Amino acid sequence: MTGTGATGGRDPMIQMEAIHKYFGPHHVLKGLDLRVERGTVVALMGPSGSGKSTFLRCMNRIEEPSSGIVRIDGMRINELRVDIDQVRADIGMVFQEYNLFPHLTALANITLGLVHVRGSSRREAEEVGRAALERVGLADQAGQRPPELSGGQQQRVAIARSLAMRPKVLLFDEPTSALDPEMVHEVLDTMRELAQEGMTMVVVSHELGFLREAAHRVVMMDDGRIVEEGPPDQVLGEPENERTRAFLGKLL
Amino acid sequence: MNESESPQASFLDRWRLRFGHLPWYRRYEALLLAVALWAAGGAWLLPDAGRPDLPVALAVIAWYVAWFLLVATVLVDREKPIWLKRIGSLSVLALFAWLFVRYSGTRWDRVQDQFFAFDRMDGVWEMYAQGLAVTLQLSAVAAAISLVLGLTLGVLRSLHNPVLELFIGLYVDFFRAMPLIVSMVVIFYALPFIGIRLPAFWAATLALVLMNSAYQTEIFRAGIESVTRGQSDAAAALGLSGVQTMWHIVLPQAFRTIIPPLTNNLVSLVKDTAVAYVITVPELLTNAQHAVVWKRTPTPLILSMFLYLATLIPAIHFTRWLERRSARWVAR
């Protein structure tokens, strides 16, 4: 069921090959390889500054890799002739700070991409948008603006916004880190359901309970490198790498 | 305490016990004494009405400053009641007005028939209507062009392209440093010598546009940069292009920050149209000045003053209303 690193396995949805990233003189990603199979959930973990968010952001080129190859569904996307906007429409992304558009209602946040990127009619888009809100349990909040919603509700709207685009893959950048503790579970429940439905997901998260249950593979990063990867039972249960052990010790 | 409550203690003793430890400015009898001394000083030194000689004038000013300082001691004391502070502040203004009326040498009897000689204004009202029309045209045309130019340059500047940055930066610096009246005079009186002739109206428009779009570039840039990185990240992640992101996500949010300084800028633009007087554009001030010569009374100037106020005070309140309205959906 679970992938086995950069080689073999099923049909890959994301392939990252020898990714390097520099911010000025800082070498933050030091030659990373990753392969995410279709229908699997891969978790990225690591201490702050380990490069996990930057690595995730390289997958839809919100952050431009300095070198290396990014393939989504078999197609190389970091090339000049690629229409990156069309590629990104197929890759959903959920941010730590939700990043909903505060001047638009919850529903308008969702329909924006459908209308202006997918070219749907407004009516069609609203139907899809309402369905997406229903799915995350917020059908009654369609007319609210983000500042009027709780953190957990905002994050679920953000997930609905990504889902409505019918993405091939969803990227989650610490989706529960900015939430009050009592709101974490509502977001994780939604993500768990998505995983069960076979959505391909890459999740930067330290919610160990969720990862044990939903992740197929856990990737531990430190200082711009992958130090350990494998099934959650192995990496979270009996880690081989010393730095993984130290990090997990601090989490618990 | 016991002593103060005993019947033997005199009224003065009790007074001293209750208030003696306070500094002088917290003791009302000391303050009253100071006011009385100040009033006595005034009665002694204030001359009769009319313009005084320099030494006497200086003495009057010193007397006024003394009152100012006395009020200041009341104002800076946190324990003084607010009504006393209000009366103190008003008294400083009232005293100034009274001294000005008494000693400035102004011919108050002339105000009515020189500044408000409405009986001599036939024919002037039409000039006002024409002048106001030109002022409004000039404002509208200059505002429209400079908004388009300012928005364009502001958006371009927010891209942080080094080449654009250099040129737009130079443009902005140049026209923010250049006095409006100088660029207007240069465009209208100097450029014809090298063959560039613009009608007065368009020379004024050009000068206004050059200066105001430089200011507006900075206003738009600051507004755009006030929208957080996460917003454009989220828009990009949805697949919106750079132009779509700017139009649907960044600019609508930037306008919240932009509206107050931008409307301020537009109000100054309308005021600055009066500078076009120096290059003979027949706007409000020019026509008022012509009427002054024609009717031999400064009344038209006073009237034009009120016309500017009547136009712009509502505009300022409209901008306040806009600010409050746009503050409604402010994010955390």
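1. On the α4(B) side the contact uses B:Val60, B:Tyr64, B:Trp67, B:Phe68, B:Val71, B:Val74 and B:Leu75. Facing them from α5(B) are B:Leu84, B:Lys85, B:Gly88, B:Ser91, B:Val92, B:Leu95, B:Leu99 and B:Tyr103. By class that comes to 12 nonpolar, 2 polar and 1 charged. As for geometry, α4 covers residues 54-75 of chain B and α5 covers residues 82-103, and the two pack at about 170° with their axes 9 Å apart. Anything over 145 degrees counts as roughly antiparallel, so that is the label for α4(B) and α5(B).

2. Next along chain B, have a look at α7 (residues 124-158) and α8 (residues 162-177). Their axes come within 9 Å and cross at roughly 140°. That angle makes α7(B) oblique to α8(B). The crossing of α7(B) past α8(B) is left-handed. On α7(B), the contact is made by B:Leu153, B:Leu156 and B:Arg157, and on α8(B) by B:Leu164, B:Glu165 and B:Ile168. The class count here is 4 nonpolar, no polar and 2 charged.

3. One more helix pair in chain B: α11 (residues 229-238) with α12 (residues 242-272). The axes of α11(B) and α12(B) come within 10 Å, crossing at roughly 160°, and these two helices are therefore roughly antiparallel. What is the hand of the crossing where α11(B) passes α12(B)? It is right-handed. From α11(B) the contact takes B:Gln231, B:Ser232, B:Ala235 and B:Ala236, and from α12(B) it takes B:Thr245, B:Ile249, B:Val250 and B:Gln253. This contact has 4 nonpolar and 4 polar residues, with no charged ones.

4. Over to chain A and its six-stranded sheet. The sheet is open, with strand order β6-β7-β8-β3-β9-β10 and mixed pairing. Which strands stand at the edges? They are β6 (91-94) and β10 (225-230) of chain A; each has a single partner strand, so one side of each has no neighbour in the sheet. From one strand to the next, the twist averages 15°. Helix α5(A), residues 151-164, packs on this sheet, touching β6 and β7 (169-173) of chain A. The direction of α5(A) makes about 175° with that of β6(A).

5. Within that sheet, β3 (residues 41-45) and β8 (residues 200-204) of chain A are a parallel pair, with 4 bridges between them.

6. Strands β1 (residues 12-23) and β4 (residues 67-72) of chain A run antiparallel and are joined by 5 bridges.

7. Now the interface. In the model, 21 residues of chain A are in contact with 18 residues of chain B. On the chain A side, α2 (84-89) and α3 (106-116) each supply at least two of the residues that touch chain B. The largest share, 4 residues, comes from α2(A). Sorted by class, the chain A side has 11 nonpolar, 6 polar and 4 charged residues.

8. Finally, the confidence scores. The model scores ipTM 0.90 and pTM 0.79. Chain A averages a pLDDT of 92, with 96% of the residues scoring at least 70. For chain B the mean pLDDT is 90, and 95% of its residues reach 70 or more. The stretch to watch is residues 1-8 of chain A, where pLDDT stays under 50. The model has 14 contacts beyond four places in sequence for residues 1-8 of chain A. Where pLDDT is low, predicted coordinates should not be read in detail.

Methods:
Residues numbered from 1 in each chain as written. Chains lettered and ligands numbered in written order. Predicted model: local features only at pLDDT ≥ 70, side-chain atom pairs only at ≥ 80, totals over all residues. Contact = placed C-beta atoms within 7 Å. Nonpolar A, V, L, I, M, F, W, Y, C, P; charged D, E, K, R; others polar. Pairing = 2+ DSSP bridges. Axes fitted to C-alpha atoms, helices over the stretch in contact; angles between N-to-C directions. pLDDT = per-residue confidence, 0-100. Parallel < 35°, antiparallel > 145°, perpendicular 65-115°, else oblique. Left-handed = near helix turned anticlockwise from the far one by under 90°.
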